[in-house]
Amino acid sequence: MDLNLLGFMPVLLPVALSPGASFTLVMSGALAGGHKGLFRTLAGTALGIYTHAVLIGFGITAVLISSPATFAVLKFFGTAYLLWLGAMLIRNGIRANQEGFADTKHSVTLREAWIANVLNPKAIIFYLTVVSQFAGGQGGVWNYLTLASVHVVVMSVWLYAVSQTLIFSVKKTNPLMLKKYVNIAGGMLLMAFSLHSLIP
């Protein structure tokens with residue numbers, strides 16, 4: 001196993017700690033569903049990361065990327081899905097002011113978080129071009145799963161800490177207003193991230 005974990009960490013940290021689609025979904029999940037929503041979103045995102053590791057380990061990602069038409073279709077559906085999730089967050093944020101808590105209780109599901117990660121073109125490119133450089137000369141599924149596990153741990157610890165601060169802050173402020181603004185801002189960010197993924 002000729003993994004380069006020490007080299008992987010400095011490359012992973014900016015990616016795992018920077019706000020992106022996963023960050024936005026986890027914050028929304030934590031606000032709408034509390035700890036259950038948080039863990040559900042984290043689990044879905046982690047499954048997405050492991051899915052990327054398995055697909056690249058078996059060479060499936062490379063085959064998909066080798067066909068420009070296939071990757072263009074994948075990129076289109078991934079972007080459309082993230083745009084849809086962003087629109088749902090914005091809608092829930094707007095309705096929070098009009099109808100109270102009833103319509104803000106929808107939390108991102110495990111499946112939604114998984115699909116959002118799997119179809120995210122930037123995550124596909126990251127695993128194919130960056131992670132593959134640290135998986136060793138032979139690569140292999142187990143090497144990619146090991147790197148994915150490091151990714152999951154770093155991401156989970158960071159997002160858990162940030163969301164705990166967010167959940168704790170709900171107790172000190174108007175939770176309805178916080179949900180409103182986080183959902184609207186999160187939805188707009190998610191849509192911006194998804195549109196940015198179209199830029200080569």
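**Exercise 1: the overall fold**

The protein has 8 helices and 0 strands, where helices (H or I, at least four residues) and strands (E, at least two) are DSSP runs, numbered from the N terminus. This is a predicted model, so local features need pLDDT of at least 70, side-chain atom pairs count only at pLDDT 80 or more, and totals for chains, interfaces and linings use all residues. Residues are numbered from 1 along each chain as its sequence is written, and side-chain values use heavy atoms, with hydrogens and water left out.

**Exercise 2: His52**

Task: find out whether His52 is buried or exposed.

Solution: 
- Step one: locate His52 in helix α2 (residues 21-57).
- Step two: recall the cut-offs, with buried under 20% relative accessible area, exposed over 50% and partly exposed in between (1.4 Å probe, protein chains only).
- Step three: His52 has a relative accessible area of 4%, so His52 is buried.
- Step four: look at what His52 touches (heavy atoms within 4.5 Å). Leaving out residues up to four places away in sequence, its partners include Asn117 and Val118.

**Exercise 3: two helices**

Task: describe how α2 and helix α5 (residues 110-118) cross.

Solution: 
- Step one: the axes, lines fitted to C-alpha atoms over the stretch in contact, come within 7 Å and cross at roughly 45 degrees.
- Step two: that angle makes α2 oblique to α5, because under 35 degrees is roughly parallel, over 145 roughly antiparallel, 65 to 115 roughly perpendicular and the rest oblique.
- Step three: among the residues making the contact are His52 of α2 and Asn117 and Val118 of α5.

How values were computed:
Axes fitted to C-alpha atoms, helices over the stretch in contact; angles between N-to-C directions.
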